[in-house]
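Let's take a friendly walk through some side-chain contacts. Have the sequence and the 3D view ready, and follow along.

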Amino acid sequence: MSASTAAALAHTRRVCSLYKKSLRNLESWYDRRHIFRYQATLMRARFDQHRNEKDPAKVAQLVADGEKELFEKQHYQPKKFPMSPGGVAFEREVIPPDWVLDYWHPLEKAQFPDYFARREKRKEEYVVWWEKQYGKQSANDSSSHH
């Protein structure tokens, strides 16, 4: 990939990112869908107005001005998707670590005999792999088991 192609690709990504961030910002400001769509078409027209601009200096200035305007007009409490970082449900469902199963009562384990038999076999295989990879565990290291 040549340098000019890489620069054009970087510029394209920067403009697309600016457009998407601008749309998300409009979404935060306008909760009524028809008003949001109207504002989005006006913004798209602003982007399309300079679509065929060839002067690199002017293009760079337009992008910088757009990013500055976006920063100045950003919403004070932007919408976030629930499962995204900062969203209301982000990391809400905590996946328990595997070692929790070691503390199940034998009667609980008896309900899933095939699973726990396969799990014990895989744990033994993992110990063999670990010892082959890193060496056997010394006696004084064994006291720090969970």
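In this predicted model, W130 is partly exposed, with a relative accessible area of 40%. Its ring pairs with that of Y126, and because the centres lie 6.3 Å apart with the planes at 40 degrees, the pair is tilted. Y126 and W130 sit four residues apart in helix α5 (residues 113-134), which means about one helical turn separates them.

W104 and F112 make a tilted one, at 6.2 Å centre to centre and 55 degrees between the planes. W104 is partly exposed at a relative accessible area of 30%, and F112 is partly exposed at 40%. Together with Y115 and F116, W104 and F112 form one aromatic cluster. A ring can also have a charged neighbour: R44 lies over the face of Y19, 5.2 Å from the ring centre.

Now turn to the charges, where you can find 14 salt bridges. One of them joins E67 and R14, at 2.9 Å from N to O. This bridge links distant parts of the chain, since E67 is in helix α3 (residues 56-72) and R14 in helix α1 (residues 3-29), 53 residues apart. E67 is partly exposed at 32% relative accessibility, and R14 is partly exposed at 39%.

Helix α1 also holds E27 and R24, three residues apart, or about one turn of the helix. Their side chains meet in a salt bridge of 3.0 Å, N to O. Another bridge, between K58 and E53, spans 3.8 Å.

Note on methods. Residues are numbered from 1 along each chain as its sequence is written. This is a predicted model: local features need pLDDT of at least 70, side-chain atom pairs count only at pLDDT 80 or more; totals for chains, interfaces and linings use all residues. Side-chain values use heavy atoms; hydrogens and water are left out. Rings of Phe, Tyr and Trp (its six-membered ring) pair if their centres lie within 6.5 Å; planes under 30 degrees apart count as stacked, over 60 as edge-to-face and the rest as tilted. Buried means under 20% relative accessible area, exposed over 50%, partly exposed in between (1.4 Å probe, protein chains only). Helices (H or I, at least four residues) and strands (E, at least two) are DSSP runs, numbered from the N terminus. A charge sits over a ring if NZ of Lys or CZ of Arg is within 6 Å of the ring centre and within 35 degrees of the ring normal. A salt bridge is a side-chain nitrogen of Lys or Arg within 4 Å of a carboxyl oxygen of Asp or Glu.
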